[in-house]
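Dear colleague,

I am handing over the structure we spoke about, and I would be glad if you could look through it alongside the notes that follow.

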Amino acid sequence: MIINLRVWRQPNADAPGQMVPYRVEGVSEDMSFLEMLDLLNEELTVKGEEPIAFDHDCREGICGMCGVVINGTAHGRGSSAVPTTTCQLHMRSFADGATVDVEPWRSGGFPVIKDLVVDRSAFDRIIQAGGFISINAGSAPEAHSVPAPKRQADRAFDAATCIGCGACVAACPNGSAMLFTSAKITHLAMLPQGQPERKLRVKSMIGQHDAEGFGGCTNIGECAYVCPKQIPLDTISQLNRDLIASLFSQDGK
């Protein structure tokens, strides 16, 4: 296969960027999108040119490190139309000779570091603001000692599958990270262990979300459409309910 790429190149955070065309030959339809970029970088290195910087780690759709906007869609979209991570998107999803635009995540909360790499440390700071349980729970309890209703346990598990890739932010016209934040809040809100800090948690994490420069949620739904773990949109409703409850709480905690 031959793939014609137009890739965002930006040498550093302060320099202006631009789309640069590349022609990649010898692409196998069984390659992942990142392997295709590896092939291009090998050719650039041989030519003495600067390779394209992009994030990656496990390449198994687990870690959430990879992430680029492909033809206007976060992570791209395969032929099955099921959301996936960039590392799990295969080149058989593209036609031979196709022109593909590749850009970094776009959000005020995700400043570009270089080329396709953005600074996603804002997510870490949102978690540090309250995405944890700080009470002394002792050693790991026996699995059945703290019963949780199945519906709530299933909902907690679904929310916990979020890998923090940031596709929701890149897809949102407002650059909002509400799906990510709500997944982390809902995960703990559905479990007995998360109840003591539930009200304080949601206020702290939302406050940090806004301080990081992410936009507000207007329920457009693009975030859920591109989420590779299919986090449901109604986790944002759970976040809003918890936030309202915390604001009207008499003890404020």
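**What was found**

Asp115 has its place in the loop that runs between strand E6 (112-114) and strand E7 (117-118). Although Asp115 is not a glycine, it has a positive phi of about 50°, and because its relative accessible area is 2%, Asp115 counts as buried. Please bear in mind throughout that this is a predicted model.

A second residue can be read alongside that one. Arg59, which is likewise not a glycine, has a positive phi of about 60°, and its place is in the loop between helix H1 (33-46) and strand E3 (69-70). Arg59 has a relative accessibility of 24%, and therefore counts as partly exposed, whereas Asp115 is buried.

As for the protein overall, its secondary structure comes to 8 helices and 7 strands, and the C-alpha trace spans about 65 × 40 × 35 Å along its principal axes. Of its 253 residues, 45% count as buried.

The crossing in which H5 passes H8 is left-handed. On the H5 side the contact is made by Met178, Leu179, Thr181, Ser182, Ala183, Ile185, Thr186 and Ala189, and on the H8 side by Thr235, Ile236, Gln238, Leu239 and Asp242. Sorted by class, this contact of H5 with H8 has 7 nonpolar, 5 polar and 1 charged residues.

Finally, what does Thr86 touch, once residues up to four places away in sequence are not counted? Its partners are Phe33, Leu34, Cys66, Gly67, Val68, Ile70 and His75. Thr86 itself is found in the loop between strand E4 (73-74) and strand E5 (99-103), and because its relative accessibility is 0%, Thr86 counts as buried.

Technical notes:
Residues numbered from 1 in each chain as written. Predicted model: local features only at pLDDT ≥ 70, side-chain atom pairs only at ≥ 80, totals over all residues. Heavy atoms only, no water. Helix = DSSP H or I, 4+ residues; strand = E, 2+ residues; numbered from the N terminus. Buried < 20%, exposed > 50% of the residue type's maximum accessible area, 1.4 Å probe, protein only. Contact = heavy atoms within 4.5 Å. Left-handed = near helix turned anticlockwise from the far one by under 90°. Nonpolar A, V, L, I, M, F, W, Y, C, P; charged D, E, K, R; others polar.
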